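Q: Please give me a close look at one part of this model, the start of the chain. Then connect that part to the rest.

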Amino acid sequence: METKEIAEKLVSWCNKGDYGSCYQNLYSPNIVSIEPKGAQMEQVQGMEAVAQKGAWWEETFEVHSSTVSEPIVADNWFSVRFDMDTTHRPSGHRSQSSEIAVYEVKDGKIVKEQFFYDMPAG
């Protein structure tokens, strides 16, 4: 698959809440996932670690709504904006947030994802 097709599939599946299809069909087994400095699971590698990160997210946050922008594609890279309305389960704090995700594609698979957002003060 070309980068544009991968980007469009990711956006479509994420907007449907079908993250599993993204992982199964678009991600390299050696995926690297990077969060901002100081975030929980700041950097993980491999599908097992990314699955653990996803499980942590689902246990920690209730997602009321989530949307993904249309992708911006440049060669083997693309980016999207995620807008989310979530409740942090441990604290009960509900908030709205946005983040930019940048993806790198090699050999028809996403090999790296990196998320950019403001870390909560505290």
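A: First, a term: a residue is buried if its relative accessible area is under 20%, exposed if over 50%, and partly exposed in between, using a 1.4 Å probe and protein chains only. This is a predicted model, so local features need pLDDT of at least 70 and side-chain atom pairs count only at pLDDT 80 or more, while totals for chains, interfaces and linings use all residues. Residues are numbered from 1 along each chain as its sequence is written, and side-chain values use heavy atoms, with hydrogens and water left out.

Start at Met1. Met1 sits in the segment before helix H1 (3-15). Helices (H or I, at least four residues) and strands (E, at least two) are DSSP runs, numbered from the N terminus. Met1 has 41% relative accessibility, so it counts as partly exposed. What does Met1 touch, beyond residues up to four places away in sequence? Ile6, Lys9, Asn25, Leu26 and Gly108. Contact here means heavy atoms within 4.5 Å. Ile31 is 30 residues along the chain from Met1, and their C-alpha atoms are 17 Å apart.

Now step to Thr3. Thr3 belongs to helix H1. Its relative accessibility is 6%, so Thr3 counts as buried. Apart from neighbours within four places in sequence, Thr3 contacts Val73, Asp75, Asn76, Trp77, Phe78 and Val105.

Next, the wider setting. The protein has three helices and seven strands. Read from the N terminus, the order is α-α-β-β-α-β-β-β-β-β. The radius of gyration is 14 Å, close to the 14 Å from the globule rule for 122 residues, so the protein is as compact as a globular protein of that length. That radius is taken over C-alpha atoms, and the rule is 2.2 Å times the number of residues to the power 0.38. Of the 122 residues, 39% count as buried. Among contacts with a separation of 6 or more, 45% join residues 24 or more positions apart.

Last, the rings. Rings of Phe, Tyr and Trp (its six-membered ring) pair if their centres lie within 6.5 Å; planes under 30 degrees apart are stacked, over 60 edge-to-face, and the rest tilted. That rule gives five aromatic pairs. One of them joins Tyr23 and Tyr27: the centres are 5.1 Å apart and the planes at 80 degrees, so the pair is edge-to-face. Tyr23 is partly exposed, at 29% relative accessible area. Tyr27 is buried, at 7%. Trp57 and Phe61 make a stacked pair, with 4.2 Å between centres and 25 degrees between planes. Trp57 has 30% relative accessibility, so it is partly exposed. Phe61 has 17%, so it is buried. Ring pairs also link Trp56, Trp57 and Phe61 into a cluster.
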